[in-house]
Amino acid sequence: MIETEALTPSPQGLARAAEILRAAGLVAFPTETVYGLGGDARSDLAVARIFEAKARPRFNPLIVHLPDLDAAREFAVVDARAEAVAQAFWPGPLTLVLPLRAGAGLSPYVTAELGSVAIRVPAHPVAQALLREFGGPLAAPSANPSGRISPTRAEHVLAGLSGRVAAVVDGGPCAVGVESTILGLVGAPALLRAGGVTSEALEALLGPLPIGGDASKPNAPGQLASHYAPEASLRLNATPDGASVFIGFGYGASDLNLSPRGDLVEAAANLFHLLREADALAKPGQGIAIAPIPETGLGRAINDRLRRAAAPRP
Ligand code: TXA
Ligand code: MG
């Protein structure tokens, strides 16, 4: 166990965070989607520490975070199609899986030796400032123990990983609240994970997108059946039954509400925090029930996370 340092996003805080990262230590930092558990993507030691801190069951590939498209060209082959998507959505909650540029210096643990690499250019000003201060690629999965609810506040990171990460930079609550959309661009475009950029927005640029994830053959923790799980059991598409802690969406009686005005953007931003709050409210043996969420726009990412959170536990 180490004592986790709580850092502010001041110049001094970011300088300290970069110093830890240069020594192959881990720093959790805010992005607009969720908090990431960052380590130097060129360092086998740092990347191994990420897997150890999260207790990830195996070496799933990680997303490499970079400050801009030019930095992405150093590590991946960016063709005209990838360039058009990047121009439209970066910086932002979109990850592109691209052909890996061999010999660019990434740890093989980051890419799981797939020959491709997942790259994200986050928009959050603290993530941007940290990437520029550090000056290299940051591998960063969500900063939570494997299988549990992703963190959207610095206190969520501490609740799950205190003593397992050298520092947390507190940038306040995450505005988007669900992880990035993952778009595969090795071969034909494929949607590998629903997320902060809606499939409608991507399809407006790329045409109809096949869903590329295969839940029976997971190459991604987000594709495992049980993931994002609260302690209490979770029932979906529910109405209030008086027995469960009820999370509503839109107008109506509820213990907690994702968005009283029925706004999917607000609901995504509140999702992981309210799942934690419901867990804290649930008495031993009591379950959580949640209202139906429309399967449109950010609702797709919300429902994807909820289905996994409700899936049978291993
Ligand atoms: O919003 C996010 O994406 C957050 C923040 C911190 O940036 N990060 C995140 O990372 O959600 P993580 O590790 O929870 O999810 C990474 C996903 C995994 O599902 C993994 O399989 C996929 O990215 N991935 C990484 N490299 C890949 C590759 N070469 N091919 C296919 N999928 C890949
Ligand atoms: Mg995750």
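This is a predicted model: local features need pLDDT of at least 70, side-chain atom pairs count only at pLDDT 80 or more; totals for chains, interfaces and linings use all residues.
What is the volume of the largest cavity? It comes to about 50 Å³.

Thr 181 belongs to strand E9, residues 181-184. Are the faces of strand E9 covered or uncovered? Both are covered. On one side sit Thr 181 and Leu 183, and on the other Ile 182 and Gly 184. Each of these four residues is buried.

Strand E9 has pairings to follow next. Strand E5, residues 94-99, runs parallel to E9, and 4 bridges link the two. Within that pairing, Leu 96 has Leu 183 as its bridge partner. With strand E10 the sense is antiparallel, over 3 bridges. Here Ile 182 faces Arg 193 of E10. E9 and E10 make a hairpin with 5 residues between them. Gly 187 sits in the turn, and its phi is positive, about 80 degrees.

The loop between helix H4 (80-89) and E5 holds Pro 91. Which kind of peptide bond joins Trp 90 and Pro 91? The bond is cis, with omega at about -5 degrees.

Helix H10 spans residues 299-310. The helix has 12 residues and reaches 16 Å from first C-alpha to last, close to the 16 Å expected at 1.5 Å a residue. How many residues of H10 are buried? The count is 9 of its 12, leaving H10 mostly covered. The buried set is Gly 299, Ala 301, Ile 302, Asn 303, Asp 304, Arg 305, Leu 306, Arg 308 and Ala 309. Their cover includes strand E10 (190-193), E11, helix H9 (264-281) and E14.

An open sheet of 4 strands runs in the order E11-E14-E12-E13, with parallel pairing. Strands E11 (234-235) and E13 (256-257) stand at the edges with a single partner each, so one side of each has no neighbour in the sheet. Inside that order, strand E12 (residues 245-248) and strand E14 (residues 288-290) are joined in the parallel sense by 3 bridges. Ile 247 stands opposite Ile 290 in E14.

The loop between E11 and E12 contains Asn 237. Its phi is near 50 degrees, a positive value in a residue other than glycine. Is Asn 237 buried or exposed? Asn 237 is exposed, with a relative accessible area of 57%. Ala 55 also has a positive phi, about 50 degrees, although it is not a glycine. Find Ala 55 in the loop between helix H2 (44-54) and strand E4 (63-65). Ala 55 is exposed too, at 54% relative accessible area.

E4 brings us to helix H6, residues 125-134. The buried residues of H6 are packed against E4 and also helix H1 (11-22), strand E2 (27-29), strand E3 (36-40), strand E7 (138-139) and strand E8 (167-169). Buried in H6 are Val 126, Ala 127, Gln 128, Leu 130, Leu 131 and Phe 134. Gly 135 follows the helix, with a positive phi near 80 degrees.

End in strand E8, where Ala 167 has its place. How far apart are the C-alpha atoms of Ala 167 and Leu 7? They are separated by 6.7 Å, although the residues lie 160 apart along the chain. Ala 167 is buried, with a relative accessible area of 0%. Beyond its neighbours up to four places away in sequence, Ala 167 touches Thr 4, Glu 5, Leu 7, Ile 20, Leu 26, Val 27 and Ala 28.

Conventions:
Residues are numbered from 1 along each chain as its sequence is written. Chains are lettered from A and ligands numbered from 1 in the order in which they are written. Side-chain values use heavy atoms; hydrogens and water are left out. Two strands pair if DSSP finds at least two bridges between them. The expected span of a helix is 1.5 Å times one less than its number of residues. Buried means under 20% relative accessible area, exposed over 50%, partly exposed in between (1.4 Å probe, protein chains only). Contact means heavy atoms within 4.5 Å. On a 1 Å grid over the protein atoms alone, a cavity is a set of points where a 1.4 Å probe fits but cannot get out, and a pocket is an open set with protein on both sides within 12 Å along at least five of seven lines; lining residues have an atom within 4 Å of a point. Grid points are joined across faces, edges and corners, and a volume is the space filled by probe spheres set on the points.
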